[in-house]
Amino acid sequence: MALRSALAHRNLLYLLSLKELRTRYKKSVMGWAWSLLNPISQMIIFSIIFLKVFIQPAPIGHPSGIANFPLFFLCGLLPFNFFSISVGVSMGNVQGGAGLIKKVQFPHEHLVYSVVIAQFVTMLIEFVVLSIALMIGGNMVLPWIPVLLVILMILAVFTTGVALTLAAANVFFHDVNYLWGIVSQLLFYATPIIYDANSPGIPRSLRLIAAHGPTGSFVTAVRNVMYDLKMPSLRDFSILIVYAVVSFWFGTFAFSRLSPRFAEEM
């Protein structure tokens, strides 16, 4: 139902996505450069902490053999940021669209879809820059780009489901937006972004969450392709697809049930 509605109103979805892209860095001197500067600044900070403060060796890619912590970090940060930012902005977009929801009849899901699409475009730009950096560092990632795109599209489906669920809940309970700020921070450290989930120094409980949790599974798959230069197993792909299908189904179901009451709650 949600997909049919999206196709039927694809022109509206296109305009909302374009608006999201155009207004994201409006009146900003740096403009779209911020989409690259934010992850780069995080990379610099964590590289100093990891390499200079704790003096840890950079994780080695297998079988690529690359040992570069900044690139290792970015391979995990970019997909996680896409997920975290998309969910957070979607909640604000639905709540902020109260005037539109009250006056115009349209698929409310588009307020979420447009954010995910705009953030997906931003992530693709970031991965282009990362791919160039990886090739300069000695990783020939070009043959792996099609696999990466498949993983990122599955991630987008999963992210859309989570965004739909939390955006709908946030209309009725504004605490969800504040709780998400805390949860996203916890997820950042529970996801193997600044560390290798297979490192012997990682506690077993954290290793299980990092390796098999939703965000950890997607980050590991991206890192396998971009940093290690190896294909994720069929089991890993199956897990990603299950996470995406369950998330999207539940998110669509919850949003469609709650959206008719948005106008009276806003």
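Arg-235 forms a salt bridge with Asp-236, and the closest N and O atoms of the pair are 4.0 Å apart; a salt bridge here is a side-chain nitrogen of Lys or Arg within 4 Å of a carboxyl oxygen of Asp or Glu. A search of the whole structure finds one such bridge. The model is a predicted one, in which local features need pLDDT of at least 70 and side-chain atom pairs count only at pLDDT 80 or more, while totals for chains, interfaces and linings use all residues. Residues are numbered from 1 along each chain as its sequence is written, and side-chain values use heavy atoms, with hydrogens and water left out.

| Residue | Relative accessibility | Class |
|---|---|---|
| Arg-235 | 52% | exposed |
| Asp-236 | 27% | partly exposed |
| Ile-45 | 48% | partly exposed |
| Val-94 | 0% | buried |

The largest nonpolar core has 71 residues, and those with the most contacts inside it are Phe-73, Phe-127 and Met-226; such a core is a set of buried Ala, Val, Leu, Ile, Met, Phe, Trp, Tyr and Cys residues joined through side-chain atoms within 4.5 Å. Among the elements that give two or more residues to this core are H3, H4, H10 and helix H7 (145-172), and H7 gives the most, with 15 residues. Helices are DSSP runs (H or I, at least four residues), numbered from the N terminus. Leaving aside neighbours within four places in sequence, Phe-73 is in contact (heavy atoms within 4.5 Å) with residues including Pro-39, Phe-46, Phe-188 and Arg-223.

Helix H10 (residues 214-228) is mostly covered, since 13 of its 15 residues are buried. Its end C-alpha atoms are 20 Å apart, which agrees with the 21 Å that its 15 residues should span at 1.5 Å a residue, the expected span being 1.5 Å times one less than the number of residues. After H10 comes Leu-229, whose phi is positive, near 60°.

On the surface, Ile-40, Ile-44, Ile-45, Ile-48, Ile-49, Val-53 and Phe-54 form a nonpolar patch with about 630 Å² of accessible area together. Patch members have over 30% relative accessible area and no salt bridge, and nonpolar side chains (Val, Leu, Ile, Met, Phe, Trp, Tyr) are joined within 5 Å; areas come from the Shrake-Rupley method with a 1.4 Å probe. Ile-45 lies in helix H3 (residues 34-53).

How values were computed. Patch = residues over 30% accessible without salt bridge, like charges linked within 9 Å, V, L, I, M, F, W, Y side chains within 5 Å. Buried < 20%, exposed > 50% of the residue type's maximum accessible area, 1.4 Å probe, protein only.
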